Amino acid sequence: MRFNEDAGLDVSEVQDMRGVGGRVALGGGGLGVVGLVIYFLFSQFGAVDPGGGSGALGLGQVGSGQQVSNGSLAQECRTGADANRNHDCAVVATINSIQDYWGEQFARSGQTYQKAQTNFFNGGVRTGCGSASSDVGPFYCPADAEVYIDLAFFQQLRSQFGAQGGPFAEAYVLAHEYGHHVQNLLGNSAKAGQGSGPTSGSVRLELQADCYAGVWANHATTAASENGRPLITEVTDEDIKSALDTAAKIGDDYIQSELGGGRVDQSKFTHGTSKQREKWFSAGYSSGDPTRCDTFSARDLG
């Protein structure tokens with residue numbers, strides 16, 4: 001994946017809260033979040049205390065409603081040339097591209113897309129959905145309509161999950177989270193309800209977000225930024241393979257069998273199997289059509 005060297009970046013779509021310090025256990029207001037790997041894995045296998053935990057640290061000097069300056073990002077991430085040589089800037093550019101596409105798509109449908117902010121954090125963060133630690137992975141909070149990610153997760157994908165990684169694998173992760181934002185704007189999130197299982201609403205919600213990620217990938221090199229030029233100039237076959245590899249490494253069955261002791265329990269599925277996640281990303285990528293992502297009406301999820 002390559003970025004247009006001359007394209008401008010919009011760092012206002014990102015809030016950098018790293019370096020604040022502290023670690024926050026899950027709990028407080030309840031964590032009604034949706035995301036890529038998320039809470040079920042860690043609550044089942046003991047990596048997180050879902051009850052709120054004792055001894056959790058707060059977020060240092062940052063109180064409710066306070067933010068950390070984006071000054072360093074604004075200085076470092078000005079153009080696509082910066083994105084081609086700086087990882088954080090590449091993440092900013094990818095977020096810009098994803099939102100550029102959905103802005104165009106909503107406009108074509110006679111609707112208005114409301115941009116969502118992505119928050120970079122370390123350790124823990126307070127959100128409109130409650131407090132969360134980095135252990136939950138990247139997530140979207142419908143209550144405040146924002147995306148949250150500890151960028152160390154991308155290294156975890158390689159070291160813990162065995163994904164090959166790479167810029168477009170990371171782009172898939174981000175596009176998936178923005179898929180949840182699109183669901184929230186369209187009212188699809190309410191269809192999911194509670195519960196788990198191979199045909200549950202939560203699985204359908206996650207697979208639809210995968211499909212939406214594939215739709216963006218299809219349009220990544222044509223989605224125009226505010227200056228009328230696409231931010232992304234090239235998406236290769238290898239890029240798509242890396243996204244599919246990541247999708248396979250975060251399927252419920254793969255996570256349970258490889259990271260959870262070897263036993264696959266379909267009753268606890270919340271995100272879909274590896275094959276399902278690959279299938280629905282591919283469906284979005286091959287069609288480029290968000291209407292082909294109706295997982296809630298699909299009888300066969302794959």
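Trainee: What makes helix H6 count as mostly covered?
Mentor: In this predicted model, 16 of the 20 residues of H6 are buried. A residue is called buried when its relative accessible area is under 20%.

Trainee: How do you know that the length of H6 agrees with its number of residues?
Mentor: At 1.5 Å a residue, the 20 residues of H6 should span 28 Å, and its end C-alpha atoms are 28 Å apart, so the two values agree.

Trainee: How do helices H4 and H6 pack, and what is the handedness of their crossing?
Mentor: H4 (residues 87-108) and H6 (residues 167-186) pack at an angle of about 35 degrees, with their axes 10 Å apart. The crossing of H4 and H6 is right-handed.

Trainee: Which residues of H4 and H6 meet?
Mentor: The residues of H4 that take part include Val91, Ile95, Ile98, Trp102 and Phe106, and those of H6 include Ala171, Leu174, Tyr178, Val182 and Leu185. To be in contact, residues need heavy atoms within 4.5 Å.

Trainee: What is the make-up of this contact by residue class?
Mentor: The residues of the contact of H4 with H6 divide into twelve nonpolar, three polar and one charged. The charged class holds Asp, Glu, Lys and Arg, and Glu170 in H6 is therefore the charged one.

Trainee: In which sense does E8 run beside strand E4, parallel or antiparallel?
Mentor: E4 (residues 118-120) and E8 (residues 146-149) run parallel, with three bridges between them. Thr118 has Val147 of E8 opposite.

Trainee: How many bridges join strands E5 and E6, and how many residues lie between the two strands of their hairpin?
Mentor: Four bridges join E5 (residues 124-127) to E6 (residues 130-133), and these strands run antiparallel. Two residues lie between E5 and E6 in the hairpin. Val125 has Ala132 in E6 as its bridge partner.

Trainee: Why is Val11 called buried?
Mentor: The relative accessible area of Val11 is 15%, and the limit is under 20%, so Val11 counts as buried. Val11 is placed in the loop between strand E1 (2-3) and strand E2 (14-16). Val11 and Ala93, 82 residues apart in sequence, are 8.5 Å apart in space, C-alpha to C-alpha.

Trainee: What makes Gln276 a buried residue?
Mentor: Gln276 has 8% relative accessibility, which falls under 20%, and it is therefore buried. Gln276 lies in helix H10 (residues 274-287). Beyond its neighbours within four places in sequence, Gln276 is in contact with Val203, Leu207, Leu301 and Gly302.

Trainee: What can be said of the whole protein?
Mentor: The protein has ten helices and nine strands, and 53% of its 302 residues count as buried. Of the contacts with a separation of 6 or more, 77% come from residues 24 or more positions apart.

How values were computed: Residues numbered from 1 in each chain as written. Predicted model: local features only at pLDDT ≥ 70, side-chain atom pairs only at ≥ 80, totals over all residues. Heavy atoms only, no water. Axes fitted to C-alpha atoms, helices over the stretch in contact; angles between N-to-C directions. Left-handed = near helix turned anticlockwise from the far one by under 90°. Expected span 1.5 Å × (residues − 1). Buried < 20%, exposed > 50% of the residue type's maximum accessible area, 1.4 Å probe, protein only. Pairing = 2+ DSSP bridges.
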